[in-house]
Amino acid sequence: MGKRVGMEVSFAASEAVKLANVDVIAAYPITPQTHIVERLSEFVANGELDAEFVPVESEHSAMSVCSGSEAVGARSFTCTSSQGLILMSEIVYCTSAMRLPVVMVIANRSLSNPISIWNDHTDVMSIRDCGWIQYFAENGQDVFDHVLISYRVGEDRDVMLPVIVNMDGFNLSHVIEPLELLDQDAVDRFLPPYEPSVVLDPAHPVTMGAIVLPTCYTETKKAQDEAVKSSMPSILKAWQEFGDLTGRYYHPIEGYRTDGAEVLLVTMGGIGETAMWAVDQMREKGRSVGLLKIRLWRPFPFEAFRRAATKAKILVVVDRAVSYGGPGGPVASELRSALYHEPKRPLVVNFIAGLASRDVAPFDFIEMVDRAEEACKMGMEAEYEIFGVRA
Amino acid sequence: MKKELDYKWTDFESGYVIPNPGNSREYRTGDWRSQRPIFDRKRCIQCGVCWIFCPDCAIRFDAEGYAEADLDYCKGCGICARECLPGAITMVAEEE
């Protein structure tokens, strides 16, 4: 059905955007996102994609343009990284509150200062509570597939929310991977045309983005929270149908060799594939270790996570962002919270690793598991540890 | 027209879209006021300077052409009193 190719993952993201037949692209170049928009601008310039390409003067404007174009019913796309994301963050929150299903790829990169163009999750964690549906991709195929899945889910009348596809900057964005592209017919079967229920139209005026007073703000936020939570069935349905179409089935929490595992590594994003190697090595030595990979970050899949995690004795959670002076990395903090009311819950040991693309090799995961087992016997020394730091 | 406090969280349009735009008139903002303008009809020369300067379009004219404040929207800023050429407007504290 599809075409199997070797392709840079950024270009694969662009191919997916083209196949989604978007109407508007607005983006500002920033490393390591640049190749995605460069390729899209070529598609538009050479007539392969009939879309408006708006070369905006900042990321703040990029998200403003995308929100405006979605509001008139145009399928819109942007992508960014790091400083660009936090510059656009003001509008990121408006886009979700106004229920405009923009799709954004983030090539995840550290935040300044010091300046780092390399990969971790500190950028997207700064907008964790922005109200977008958020996926983390593990490889190039995930990225390609999830751009298409994001439009399908976001534009679902039962959802109407913007969607972020996170992919690791450089470690994913700049590598060439074997992946399967879908043909246009398949995409068209999976992704119907965008039909918003309300659009900005002078003939039928409406007001979007108005003020509400303290008498109503609470109710609007409750409605928004419920919208994100209740998007789960549509997400699962889209994954199911995508799987039926392509043979690639995705799940909110994906387990690897979890059967009977006493220790579970927990990862999010591209390091999951390295962790699989580490699990294989440990399993070969007879150790009871498996892996959980979080694919869906928002809405957080509490049920699937608890089902997968509560049988283990230890969770070794690998975070890729720091919450300075806080209770641990954002992932570990949330997992601890999700497990708090469980009658039987595993010990959560949290390592913050892979900041600014520092390599996290299989032997690092093995060391983390060793250390976590020790902590389980001897007691935990701290809520979290920045792993591999020179002292 | 439904009152604000009658809205349950399920009552809003998706994205809080307002399907009947231009309804801000229904929201009376005058209760922020701590002072209000008093108009002296003997001094008013019906020149309309207060109407021009009012930043909130809260000046209107009665049937005889004299200026008065629309207290549903007047914030009591006092600009009209400051600009009134014949000194026909004075500000008094709201509780007076």
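## Chain B: overall dimensions

In this predicted model, chain B has a radius of gyration of 17 Å, whereas a compact globule of 96 residues would have one near 12 Å. The C-alpha trace of chain B spans about 55 × 25 × 20 Å along its principal axes. Buried residues make up 20% of the 96 residues in this chain.

What is the order of the elements of chain B from the N terminus on? They run β-α-β-β-α-β, which gives two helices and four strands. Among the contacts in chain B with a separation of 6 or more, 68% join residues 24 or more positions apart.

## Chain A: overall dimensions

Now to chain A. Its radius of gyration is 21 Å, and this agrees with the value near 21 Å for a compact globule of 391 residues. Along its principal axes, the C-alpha trace of chain A spans about 70 × 55 × 45 Å. Buried residues account for 49% of the 391 residues.

Chain A has 13 helices and 15 strands. Of its contacts with a separation of 6 or more, 81% are between residues 24 or more positions apart. Two of its sheets are described next.

## The seven-stranded sheet

Seven strands of chain A form an open sheet in the order β3-β2-β4-β5-β7-β6-β12, with mixed pairing. Which strands stand at the edges? They are β3 (52-54) and β12 (296-298) of chain A; each has a single partner strand, so one side of each is left without a neighbour in the sheet. From one strand to the next, the twist averages 20 degrees.

You can look at one end of this sheet in more detail. Strand β2 (residues 24-26) of chain A pairs with β3(A) in the parallel sense, over three bridges. In this pair, Ala26(A) stands opposite Val54(A) of β3(A). Helix α3 (residues 59-71) of chain A lies across β2, β3 and β4 (76-80) of the chain, and α3 runs at about 160 degrees to β4(A).

## The six-stranded sheet

Another open sheet of chain A has six strands in the order β9-β11-β10-β13-β14-β15, again with mixed pairing. Its edge strands are β9 (253-256) and β15 (385-386) of chain A, and each of these pairs on one side only.

Helix α11 (residues 302-309) of chain A lies across β9, β10, β11 and β13 of chain A, at about 20 degrees to β9(A). Helix α12 (residues 330-339) of chain A lies across β10, β11, β13 and β14 (347-352) of chain A, and runs at about 150 degrees to β13(A).

Are the residues of strand β10 (residues 263-267) of chain A mostly covered or mostly open? The strand is mostly covered, with five of its five residues buried. In a regular strand the side chains alternate between the two faces of the sheet. In β10(A), Val263(A), Leu265(A) and Thr267(A) point one way, while Leu264(A) and Val266(A) point the other way, and all are buried.

Strand β10(A) runs parallel to strand β11 (residues 289-294) of chain A, and five bridges join them. Leu265(A) has Leu291(A) of β11(A) as its bridge partner. The chain gets from β10(A) to β11(A) through helix α10 (residues 271-284) of chain A, in a right-handed β-α-β crossover.

Strand β13 (residues 314-319) of chain A also runs parallel to β10(A), joined to it by four bridges. Here Val263(A) stands opposite Ile314(A), and Leu264(A) stands opposite Leu315(A).

## After the strand β15

Val389(A) lies in the segment after β15 of chain A. Why does Val389(A) count as exposed? The reason is its 10 C-beta neighbours inside 10 Å, because a residue with 12 or fewer is classed as exposed. The C-alpha atoms of Val389(A) and Glu342(A) are separated by 33 Å, and the two residues are 47 residues apart along the chain.

## Where the two chains meet

How many residues of each chain take part in the contact between chain A and chain B? On chain A there are 19, in contact with 13 residues of chain B. Helix α8 (residues 214-229) of chain A gives the largest share of the chain A side, with six residues. By type, the chain A side divides into 12 nonpolar, four polar and three charged residues.

Methods
Residues are numbered from 1 along each chain as its sequence is written. Chains are lettered from A and ligands numbered from 1 in the order in which they are written. This is a predicted model: local features need pLDDT of at least 70, side-chain atom pairs count only at pLDDT 80 or more; totals for chains, interfaces and linings use all residues. Two residues are in contact if their C-beta atoms, placed from the backbone, lie within 7 Å. Ala, Val, Leu, Ile, Met, Phe, Trp, Tyr, Cys and Pro count as nonpolar, Asp, Glu, Lys and Arg as charged, and the others, Gly among them, as polar. Two strands pair if DSSP finds at least two bridges between them. Axes are lines fitted to C-alpha atoms, for helices over the stretch in contact, and angles run from 0 to 180 degrees between N-to-C directions. A crossover is right-handed if, with the strands pointing away from the viewer, the path from the first strand over the helix to the second runs clockwise. The radius of gyration is taken over C-alpha atoms; the globule rule is 2.2 Å times the number of residues to the power 0.38.
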